[in-house]
Each structure stands twice: as structure tokens, then as C-alpha cells.
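Q: I'd like to learn how to read the pockets in a protein model. Can you walk me through it?

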Amino acid sequence: MSDTIFDKIINREIPADIIYEDDIALAFKDINPQAPVHFLIIPKKQIATVNDISKDDREIVGHLYWLAGEIARKEGFAEEGFRTVMNCNEFGGQTVYHIHVHVLAGKPLGWPPYQDRVKKNPMEA
Ligand code: AMP
């Protein structure tokens with residue numbers, strides 16, 4: 001698997017606003033925030049998509065979600081709530097092929113969270 005921009009962030013080849021790091025994971029602010037709080041939690045291991053998570057990776061992926069709650073508690077937005085999202089492949093809207101948990105917070109978030117790319121025919125009722 002080839003390196004993505006997130007591997008370059010892990011290896012400090014490009015800068016990022018890193019908010020947490022341990023042996024398994026890294027968390028940093030999203031460069032294009034979609035909410036007042038928007039950061040990404042990534043594994044240091046290269047896993048391209050949700051489809052590539054193996055049985056042996058379960059502890060790593062669990063760690064990413066544990067961290068989401070841990071950071072939310074420490075940053076003080078756990079109680080008011082937040083959203084975690086992991087996009088998969090084209091229809092899921094994935095653009096970086098190194099799995100990452102989006103953590104969005106700081107305002108009430110709408111549902112459903114997507115905007116359909118297929119425009120409805122305005123002539124249809
Ligand atoms: P996704 O579309 O789910 O694959 O999410 C990729 C996310 O990575 C997007 O929200 C981007 O804004 C974010 N992103 C891309 N490049 C960087 C970067 N260099 N630093 C921080 N976030 C980035």
C-alpha cells in the first residue's frame with residue numbers, strides 16, 4: 001500500500017495541528033473543518049478502508065473510538081454530544097485512503113449528514 005498524506009503527517013513530513021498521539025493512533029485537526037470542532041483520529045498502521053480492517057485490527061479500531069470519547073471528555077464536549085464518522089470508498093465520500101474517524105462537535109449536527117450528489121429533476125413532483 002502506498003503512503004497517503006496521513007502517513008506524511010504521522011512521519012512529520014508535513015505539518016498538522018496534532019492534539020493527541022500514542023503508539024497506536026494520532027489525532028489532529030481537520031484542515032477543512034465542517035463544524036466548530038472537527039478533528040480526525042487515525043491509526044498509525046496503514047489500513048486503507050473499512051473493508052480492509054482485519055480481525056487482528058479490532059483492537060486498533062476499538063482504540064480509535066475509545067479515543068474519540070476520551071478526547072471529548074477532556075475537551076469538555078462529551079456531554080453535549082458529538083458525531084463520529086468513518087467514510088468508506090467513493091459512495092461513502094472517502095478521499096484519503098487511510099482509515100480515520102471524523103469527530104465533529106460544537107453545534108447541533110443535522111441528519112442525514114450527506115447531500116445527495118444526484119440532483120432531483122425539478123419537473124418531478
Ligand atoms: P474523507 O473525505 O472522509 O476521506 O476525509 C478526509 C479528511 O481529511 C477531509 O475532511 C479533509 O479535510 C482532511 N484532510 C485532508 N488533508 C489534510 C491535512 N493535510 N491535514 C488535515 N486534514 C486533512
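A: A pocket is an open set of grid points where a 1.4 Å probe fits, with protein on both sides within 12 Å along at least five of seven lines. Rolling a probe the size of a water molecule over the atoms shows where empty space is left. Keep in mind that this is a predicted model.

Q: What volume does the largest pocket have here?

A: About 1200 Å³. The lining has 38 residues, and Gln34, His38, Asn87, Gly93 and His102 are the closest to the centre.

Q: Which elements give two or more residues to that lining?

A: Helix 1 (5-10) and helix 3 do, along with strand 2 (25-29), strand 3 (37-43), strand 4 (82-85) and strand 5. By residue type, the lining of the largest pocket splits into 18 nonpolar, twelve polar and eight charged.

Q: And what about the second largest pocket?

A: That one has a volume of about 180 Å³. Its lining includes Ile19, Lys29, His38 and Phe77, and strand 3 gives the largest share, three residues. Six of the lining residues are nonpolar, one is polar and three are charged.

Q: Which residue does the UniProt annotation "active site" cover?

A: His100, according to an unreviewed UniProt entry. You'll find His100 in the loop between helix 3 (89-92) and strand 5 (101-105).

Q: Is His100 buried or exposed?

A: Buried, because its relative accessibility is 6% and the cut-off is under 20%. Beyond its sequence neighbours within four places, His100 is in contact with residues including Phe6, Leu40 and Met86. A polar atom of the His100 side chain also lies 2.7 Å from the backbone oxygen of His98.

How values were computed:
Residues are numbered from 1 along each chain as its sequence is written. This is a predicted model: local features need pLDDT of at least 70, side-chain atom pairs count only at pLDDT 80 or more; totals for chains, interfaces and linings use all residues. Side-chain values use heavy atoms; hydrogens and water are left out. UniProt positions are given in the numbering used here, feature names are shortened, and annotations may be inferred rather than shown by experiment. Helices (H or I, at least four residues) and strands (E, at least two) are DSSP runs, numbered from the N terminus. Buried means under 20% relative accessible area, exposed over 50%, partly exposed in between (1.4 Å probe, protein chains only). Contact means heavy atoms within 4.5 Å. A polar contact is a pair of N or O atoms within 3.5 Å; within protein, one must be able to donate a hydrogen and the other to accept it, and residues adjacent in sequence count only if both atoms are side-chain atoms. On a 1 Å grid over the protein atoms alone, a cavity is a set of points where a 1.4 Å probe fits but cannot get out, and a pocket is an open set with protein on both sides within 12 Å along at least five of seven lines; lining residues have an atom within 4 Å of a point. Grid points are joined across faces, edges and corners, and a volume is the space filled by probe spheres set on the points. Ala, Val, Leu, Ile, Met, Phe, Trp, Tyr, Cys and Pro count as nonpolar, Asp, Glu, Lys and Arg as charged, and the others, Gly among them, as polar.
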